[in-house]
Amino acid sequence: MTAILRVLLIIILTLNLFQEGSLNNFMNFGKSYFETKILDGKAENVDRKCGYEGCPMTHPDMLNVHVVAHTHDDVGWLKTVDQYYYGSKSQFQKAGVQYIIDSVIQALLNNPERRFIYVESAFFSKWWQEQDDEMKSNVRMLVDEGRLEFVGGAWSMNDEAITHYQSLIDQFTWGLRFLDDNFGKCSRPRIGWQIDPFGHSLQQASLFAKMGYDGLFFSRLDYQDKEKRQKEKTMEMIWKTNQDLDEADLFTGVLYQRFYNAPDYFCFDILCNDEPIIDDIHSTEYNVDKRVEDFVRTVRNMSESYQTNNLMLTFGGDFTFMAAQMYFKNLDKLIKYTNERQDNFKVNTFYSTPSCYLKSLHESNTKWPIKSDDFFPYASDPHSYWTGYYTSRPTSKRFERIGNHFLQICKQLSAMAEVAEDFYDENLKRLKSEMGVMQHHDAITGTEKQHVTEDYHRELYDSIKGCEDNTRSSLNQLMIGHHSNGTNQLEFQFNSCLNLNISVCEVTESSSEFMVTVYNPISHETYQNVKIPVHGDSYIVRDYLNRVIDSQIIPIPTPVMNLHYRISKSSHELIFQAKNIPAIGYKSYYVTKTTTAPSEDNKEVEENLNEPEIVTIGDEELKIIFDSNGLVSEIIVDGVSSKLSQNFIYYKGANMNNEIFANRSSGAYIFRPEIDSVPVVVSEVIKIEVHKGEIVDEVHQIFNEWISQVVRIYKTSKYVEFEWLVGPIAIDDGIGKEIVSIFQTDIKSNDIFYTDSNGRNMLKRIRNKRETWDIEMNEKISGNYYPITTKIAIEDENHRLAILTDRPQGGSSLTDGSIELMVHRRLLRDDTFGVGEPLNETAYGEGLIVRGKHWIFFGTSKIKKFERIHQNELHLPNWLFFDNLNDITSFEWALTYNLMHSGLKTSLPTNVHLLTYEPWKENSILIRFEHIFESNEDGELSKPAIFNISEVFHGAVDFTEMTLAANQLREELNRLNFNEEEVLLQQNDKKTNLQLIAKILDPMIVLEPMEIRTFIVTFNSGNSLLVSFNFILSTLIIFLFKYFL
Ligand SMILES: [Zn+2]
């Protein structure tokens, strides 16, 4: 066998000779993309370069103060996105982004020494569209000369706690694409700028590294952590984001200032009241000497917290620079007069940018400390843990997930259509933009005013509706087999039902024959159950070959039927299993309402229990037992019984005057239970109804007037589904409440639990502990809450309980063996962190009602494998499209239409997911493959994956690998390397060999655990001989690879 490998290696190395040129074509980072532009003297050209080469000189013997002028423009908070942009509704906040950009650009053109950074592409792109050619050319010059630098650059400055990595990657791709298309390489951000988000995630840092950023700066971290870092000069560090991956380290720095404002007394903005610099020595107001002395004292003091003789000083804040000339004029003077006194003070001050500051740090050759955990939860004082926003506005958080779900489907179907209609691009653009907005740190977080929430919802709803035109057009093309002209003449409507969560769907309730098209957005065949609301109790379901398949009818739970705003005829739900739904594809079903009595098969067994007794649901592999009080009490997996109980509890939200830290209220940001209060159990004895059938067993539980739940086991699944309905939360007792679903087991979890980082890596949490400092914990409950984007787990050597969620929420394990998840909250007082409203959401004239799901996995550590696979399926489940078919018989239907389709030519390895599949430019699509397992999760599936990329798509021939956000060729990536204080163990040798194979054989790629790789795929006539040769070779290598690894 060694001989075969040697032959193989010779083949590989021979091939490599032909490809060496392309492999070594690294970009010379920071090189000039500068073009000389003279604009009739209107704009001054300073012949400076963008990037690191254009940075100001520093002085080795002085403290170098990098003055960074900036504005923080929230994409919605106290005002809506458009209210902020246009500057309307000043009663909420004086802020107008259009004036900020207008005025900053003019101020930059007036003085070439000035520099400014801008962050949010959502706003900049809106402003850009309104500019004429001359202004555009001036702005391009400012970018080319490094005078205007983009940092961050995503559509919005996203939250990091509860965002999903798929949406983060999308919103960076979308923002950076705007910059790249309009300003080219000089606009490519090198710095992550997350100055306002409420804590920072490991996954976000990892994404920054993979997108090619050199560093990250932020300001909000636990106040105790910050104090320690200031004392120990560890405000700047190397963040090790993934031990298993290359290029996963990110330089990370914490801003000194409280948040990101100007130093005290030096805010020269029109929104501030600090004194200007007055330099007329004859004036009685003259203040230069005093102002410079104060400034020098301030920066000297700040620099004590940092290791080098450089200090980054931000000047700006929320919506600052509306009158940029005023701010800049004073900064010009501050810089001038400080430097005039530098022989004395040894302080060198200049306009700079975060990337120039980073360059100075890089050149200092300092050895930096390392960090490998994350920055959650964030606490700003002893009683303010920002763990409430993990759950605030739970219906918004779910809607955001639905937006992502449909965006992925719309992108896929738009890419798959034979003929892309003109409107595809516009609709996709709108939904991508809105999803970018939803990631903002005052959108998905629920920390905005109520009217802003409603604006987000309206815009997201309209964008989803717009993209339905794309899915409708594409599905018609795929199903009918030829291209139809215009949406009006389309044969099918492919309607979505966005109210399926409360069992409402117009088409299925009102038609006696209808088609359900089950679309699977993930890159593996799926076996999921379809559940649709119907009016009647007898239906027949046929598959694409006109064969009748098993189905079951089950009544809609009474509390759902009783929702007063639910306008629907449906009383039951029809359930059937959609088997073998093709990867990135669909299969259609034909449903007929019948008048005959239900057959034995779909007739359910109904038990209404008046007398308390023990109830069991499920099958041999998985059972749940309910005790005589109607509560879940036990789980039986493969015949082995274990304790598992579940109930709802609530915390009473602290309602105090906020005047001192100890009087903090629970609010949109903060979770704080009443002092010394114990959680209240909602109910000890609950009413239940049991419904059993061939496909699914359900127990409907009613806990009180405003909490009910369905516990459900599909006969083919590995998990138990808990579908809860909570609200309107009663507040007639004058007490705000935070509702928690709590699970209790006998697992000896020993203070440890695990939570996900943005839906990807699992992180270890230890109760009442932080990895990098000894915490003084003043809030034992909320201080132990962490963001749960998709999953929380506990385990011991025998058992493991993992819970997957359908939306982000706060969660914890406050006692051994337990997991709790906060599903809803309603509070009566603001927490005074800015939003100015208590979190008391109402809808339809009453307190908000929320319905959601928890999926419970229980067993030995082997279930981790199923958790990962199902996590993908539950995040992007089948999407159902509905059509009335009253004029077509099932026979005609099966004969006429293409009722099954897959967008993939071949299936991918089980551990690989096609994360992105979307139209890119001209004849190309953007794709991303990801390895969905961590390195130690499964004996088999945690191994690296290898496959032939040229065999995945029909007709694809050219694959160009890009960095993660697709704004740079992968081979051009060249990041700054920083020295570390200590060196950690690095990757194993196998990886090097695999990467070698991957580089050499173009069509074949290797994915390490948790790795994501991004490609632009073009479709044209390729060299089929080469492809065939590569295919044979790659098949051979895959065989050897699997054999030896
Ligand atoms: Zn903000």
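1. A quick word on terms before we start: a disulfide here is a pair of cysteine sulfur atoms within 2.5 Å of each other. Keep in mind too that what you are looking at is a predicted model. Applying that cut-off, the count comes to five disulfides. If you number the bonded cysteines along the chain in sequence order, they pair up as 1-3, 2-6, 4-5, 7-8 and 9-10.

2. Now for the chain as a whole. It has 1045 residues, and 62% of them are buried. Its secondary structure amounts to 21 helices and 51 strands. If you take the contacts with a sequence separation of 6 or more, 75% of them involve residues 24 or more positions apart.

3. One of the disulfides to look up is the one between C50 and C186, where the distance from S to S is 2.1 Å. The angle about the S-S bond is -70 degrees, and the link is left-handed. Which parts of the chain does this pair tie together? C50 sits in the loop between α1 (2-23) and β1 (63-72), while C186 belongs to the loop between α6 (165-183) and β4 (191-194), so the bond ties together parts that are 136 residues apart in sequence. As for solvent, C50 is buried at a relative accessible area of 2%, and C186 is buried as well, at 8%.

4. Next, find C55 and C356, another disulfide, with the sulfur atoms 2.1 Å apart. This link is left-handed too, with -85 degrees about the S-S bond. C55 is found in the loop between α1 and β1, and C356 is part of helix α12 (residues 354-363), so here the parts tied together are 301 residues apart in sequence.

5. The sulfur atoms of C497 and C505 are 2.0 Å apart. Both of these cysteines are buried.

6. Moving on to helices, two packed helices are described by the angle between their axes and the distance between the axes. Take helix α3 (residues 97-110) and helix α10 (residues 324-340): they pack at about 40 degrees, and their axes are 8 Å apart. That angle makes α3 oblique to α10. The crossing of α3 and α10 is right-handed.

7. Who makes the contact between those two helices? On the α3 side it is S103, V104, A107, L108 and N110, and on the α10 side A324, Q325 and F328. Sorted by class, the contact of α3 with α10 has five nonpolar residues, three polar ones and no charged ones.

8. Last stop: A415, which you will find in helix α13 (residues 394-416). What does A415 touch, leaving aside residues up to four places away in sequence? Its partners are Y917, E918, P919 and I925.

Methods
Residues numbered from 1 in each chain as written. Predicted model: local features only at pLDDT ≥ 70, side-chain atom pairs only at ≥ 80, totals over all residues. Heavy atoms only, no water. Helix = DSSP H or I, 4+ residues; strand = E, 2+ residues; numbered from the N terminus. Buried < 20%, exposed > 50% of the residue type's maximum accessible area, 1.4 Å probe, protein only. Axes fitted to C-alpha atoms, helices over the stretch in contact; angles between N-to-C directions. Parallel < 35°, antiparallel > 145°, perpendicular 65-115°, else oblique. Left-handed = near helix turned anticlockwise from the far one by under 90°. Contact = heavy atoms within 4.5 Å. Nonpolar A, V, L, I, M, F, W, Y, C, P; charged D, E, K, R; others polar.
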